[in-house]
Protein chains: 2
Amino acid sequence: MKRTIVAVAALAALGLHLTSCKPKDAGSAVSGDAAQKVYVTPGQHDEFYNIVSGGFNGQMSVYGLPSGRMFKIIPVFSTFPENGWGYSEETKPMLNTSHGYIPWDDLHHISLSQTKGEHDGRWAFGNANNTPRVARISLSTFRTDEIIELPNSGGNHSSPFITENTEYVVASTRFSVPPDNDGDMPISSFKKNFKGYISFISVDPQSGHMGIKFQLKMPGISFDLARAGKGKSHGWFFFSCYNTEQASTLLEVNASQKDKDFILAVNWKKAEEYLKQGKGKKVAAKYAHNLYDEKTHSATSTIINEVMTLDPKECPGLVYFMPCPKSPHGCDVDPTGEFIVGSGKLAAVIPVFSFDKIQKAIAGKTYDGEFDGIPVLKYESVLYGEVQKPGLGPLHTEFDGQGNAITSFFVSSELVKWNIKDLKVLDRVPTYYSVGHLSIPGGPTSKPHGKYVVAYNKITKDRYLPTGPELTQSAQLYDISGDKMKLLLDFPTVGEPHYAESIPASLLEKNSKKIFKIEENGHKYAAKGEKEAKVVREGNQVHVYITAIRSHFTPDNIEGVKLGDEVYFHVTNLEQDWDIPHGFAVKGSNNAEILIMPGETQTLKWVPSRVGITPIYCTDFCSALHQEMQGYVRVSAKGSNVPLTFSTGKTAAPEAEKVAKK
Amino acid sequence: MKRTIVAVAALAALGLHLTSCKPKDAGSAVSGDAAQKVYVTPGQHDEFYNIVSGGFNGQMSVYGLPSGRMFKIIPVFSTFPENGWGYSEETKPMLNTSHGYIPWDDLHHISLSQTKGEHDGRWAFGNANNTPRVARISLSTFRTDEIIELPNSGGNHSSPFITENTEYVVASTRFSVPPDNDGDMPISSFKKNFKGYISFISVDPQSGHMGIKFQLKMPGISFDLARAGKGKSHGWFFFSCYNTEQASTLLEVNASQKDKDFILAVNWKKAEEYLKQGKGKKVAAKYAHNLYDEKTHSATSTIINEVMTLDPKECPGLVYFMPCPKSPHGCDVDPTGEFIVGSGKLAAVIPVFSFDKIQKAIAGKTYDGEFDGIPVLKYESVLYGEVQKPGLGPLHTEFDGQGNAITSFFVSSELVKWNIKDLKVLDRVPTYYSVGHLSIPGGPTSKPHGKYVVAYNKITKDRYLPTGPELTQSAQLYDISGDKMKLLLDFPTVGEPHYAESIPASLLEKNSKKIFKIEENGHKYAAKGEKEAKVVREGNQVHVYITAIRSHFTPDNIEGVKLGDEVYFHVTNLEQDWDIPHGFAVKGSNNAEILIMPGETQTLKWVPSRVGITPIYCTDFCSALHQEMQGYVRVSAKGSNVPLTFSTGKTAAPEAEKVAKK
């Protein structure tokens, strides 16, 4: 592998290593009051919610800061047998795509909704990296309410990034691919046929409902992190770009050839004008749009068959490239909107671009040629300055609201604080090990909340008790309230803690939903009281309208089910108290359980596979007599004449009904 | 519901409530040094592993004490899209049962292996409550190595409980059902036809491999918690029993009628004698036995077709009932083996039985009649004494090794410490809220490690920042090193923290495996170096022998795959460093990802659904150029003549081979 050796030598000459270095002072320089600073007295609450993507687990998780305790895993793109997500009839449509049902994805980035550039506490958005999608999570129910698929995208890593008023959630391609409908072609035709689409997804300001407003058809390069403009730069969007070499194989070598790739600047207000002028083109596409309805407790999946596209080549002034060293990964905009920080993961400096200078360069057409027909602005004409010798392998930058930036460094495994105005390095602290993203509460907004920074690390090794070859991933909490950053806590995370946002508890806890009102339950098969409980046969489908309340099911004895039947248990939880879920499971079912929150209805499908008596029971410890919350279903042979009966509390079930309509 | 009202009234008269009370002093009486006591300085390790069942998530989780931090979720009975458990070809057989593939179960109890009554740090066992199974987890790899199904069981809550040298793992029925092969019958025939089987599973002392040695055919009642005898009572086993009313409907009322149910005493040494004498009877059955092989990195599932049974009615001296108030739930044996503590969840006292008195009562035939042909020992004849006014709703008891017991109380929501000898209550502390199980490190062994007790609570409500209707479950850590128990920490848990054991870190961390040696990889489709990478067509199956090493796949360009093909990506991770996994995913795949540990091979099956270029990539951030660790697969139409080619680093793939053997 000659090329690999050459590339490694080249990186070594740059002072870089492909893998991380262990910081020299790997001891634990923790100040004496760290224990008190992270301890939340039992019964008291944390100060911030830390909403963390799970990376390759396809989920989001909710932690408290400063304690580092995890309060919830929110299933988004991956099945979650624990509560039936992706297994219940109601949630299966949420995982539908144009490729059919998909049980997993890779959720990398979080965006919390904003109004006027500040956190508004309504929604969290997350991306599916593998099969391109964007999800919207309610910060009232902490559930996934909506998922929209992205056509023409090969990998949705660069997503979701939001504008100042959540007008758009934006997503762009990591792996360029031929557009979905272009058919069979060789990989060797990359430069000619592969494209990099950027999707602008509109968000309804009331309902939050998403729709793809338009896609930009860009050259076949890779997009990475992005941020919307703020304040003076509102109306613009900035994306890091790599693999401008347009390599299709051995990218570790072939996509690391150029000294500079690009930051892409997009004028999305101008895109809206072009759309109004009719410059958009509707093209055939196929993508799923899935919505969960809190009233019917059910999801629907709709396949959409066309998407609006804009070709920048036909829309002058829409997009510009700015050179950025080397293999840009992070692209962050400071709270004022004036400074755009590019972080090249193989770069030795951090370039800071000026929005004012970008505008001047555009007005003066200060170009350095073009790339695939798109103007490239001259590096010096848009550069505010470079942070010199910041560290090795800068990745991401957030802001403390005090005029400073903190940047994460994967290769030198550290956080570095620097002043935005004079670009001077102020402080550096080691991370254990190899930090990726970092998060300051409110760090990507116009008004950072500050106080802490969390490092989300890529390597854990010896930081915790070992658990075999597969170790936890990890985060570290630092106090940034003073001039120097101080390590407070290591806390393990589920999945890969790829990126996160933190938000003051006061913005969310007041709106957190406790129960669903039973009188508002609009589920088709709800039984809103025990009197509505029944079992109905429709051909070979048996619909069980079953209620759960401490500590029994109604009905709890069912006979007349036969081999060949499909049994649907529609379980309504009649409780109206906070934190009294019931669970439901069937022995031998090729399905998961369901957990049903107070006032909710959820459905478990069961296809019996043998003749005999099958137990059902509540899976969530609900009372002193939870263990007694059970029942039996009798399954008879196909063609048996056992009548359909159901009851609770009467062994012989004299009130049984026989319903056998088609 | 007249009967319900009557039952509730009866319980109220007993001073009991069906749901829990909030402790009166619900403030947080935490001592000043609690923060320091639970803080583990970054880089330092916790003192104990706390291995906690996940209840309805079907998993086990590993926490550290005293920090309460979670280090790993071990998938056992439930699919885990995060690392491919249940989705990779190698792990699918682990979830096979006589009912077919099952993606979920409900794991309630943990047992850590013992030698001479003490923790030996080799294995953890866990139960599947829903579809009856027992699993064995390696405490070297922290993976599930074996799962065995239990025939003739309706619900395997009462499991797994181990003997002093891990001779047996024992499991008994929660929901009595007709034996598996008895065919169709009405629920009303419960008393006649329903049985409660107890399984004795032998464990090979070297390999740990399990096999059902025999099953006891017991009357149709419900079994709950159990413990093996220790020391002087070695050779005996004690099980709590409820629903001796043999109710089949509305058990919250109908199974709470009697003032006393039973503790069952089983002389398993005598069972072995009866088996030697040929008293066992082999009966037809059908159950799965699944084994994971660490060398081939693959699992197999075998269906077994008969099981040995013993009928106590034909084996005098094998089993005895002891009356126990009321609806017994917990049954615990003190470190000496002399005292058996029965905890009736609706009882107002805690009876403590004496092993010596049990032996005398048996010798003297001091019976109080019989139940379904089995002798019932007279309560007073076997009772050592009762703990008076201990609290409401006693559930479980563990031991501190200092002569004291600590019992959990669900209804009065507290932990109560009492002296084993004089049965006097010494201390009580509230729990928040409604504790179920509790765990003292080594608490169920002959040599408790003491120091802490953890309460695993059933209700969380306001203890943490709210997360919508579905809240985390929770545990609480108390210091028990002094006379009084002191609350130190609340920590949230994943799933339902049903039961747990804690073990000193020193017993496990030294044996924790770091990598799999590549030269020992015996996987059929391993590529132990890049030279062995290849793509082979076998009919419509395409086998991709693909390697992963920082930061590329070999091959990373594949053409010649066609619609209708089944593509098997056999990914070998060539790394031999600790904590360098690689992940693997395919866009649009109706499957999860796989995570591959260093030296391991795992297989992802993909059935392409459309013509075009499909990206593949590494999902686990592995180096500064992880983002570049990707590739492309070209999918052509059925019948296309695109040849099968593969390459890395060469766009035109001149070394491509065409293999088209049948």
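Biologist: What makes strand 32 and strand 33 of chain A a pair?

Modeller: Two strands pair if DSSP finds at least two bridges between them. Seven bridges join strand 32 (residues 473–479) to strand 33 of chain A, so the two count as paired. They run antiparallel, and Leu477(A) stands opposite Leu489(A) of strand 33. A strand here is a DSSP run of E, at least two residues, numbered from the N terminus.

This is a predicted model, where local features need pLDDT of at least 70, side-chain atom pairs count only at pLDDT 80 or more, and totals for chains, interfaces and linings use all residues. Residues are numbered from 1 along each chain as its sequence is written, chains are lettered from A and ligands numbered from 1 in the order in which they are written, and side-chain values use heavy atoms, leaving out hydrogens and water.

Biologist: Good to know! Why do strand 30 and strand 33 of chain A stand at the edges?

Modeller: The open sheet has the order 30-31-32-33 in chain A, with antiparallel pairing. Strand 30 (435–439) and strand 33 (486–493) each have a single partner strand, so one side of each is left without a neighbour in the sheet.

Biologist: And why is the link between Glu470(B) and Lys72(A) called a salt bridge?

Modeller: The term asks for a side-chain nitrogen of Lys or Arg within 4 Å of a carboxyl oxygen of Asp or Glu. For Glu470(B) and Lys72(A) the closest N and O atoms are 3.8 Å apart, so the pair qualifies. The count between chain B and chain A is six salt bridges.

Definitions and conventions
Helices (H or I, at least four residues) and strands (E, at least two) are DSSP runs, numbered from the N terminus.
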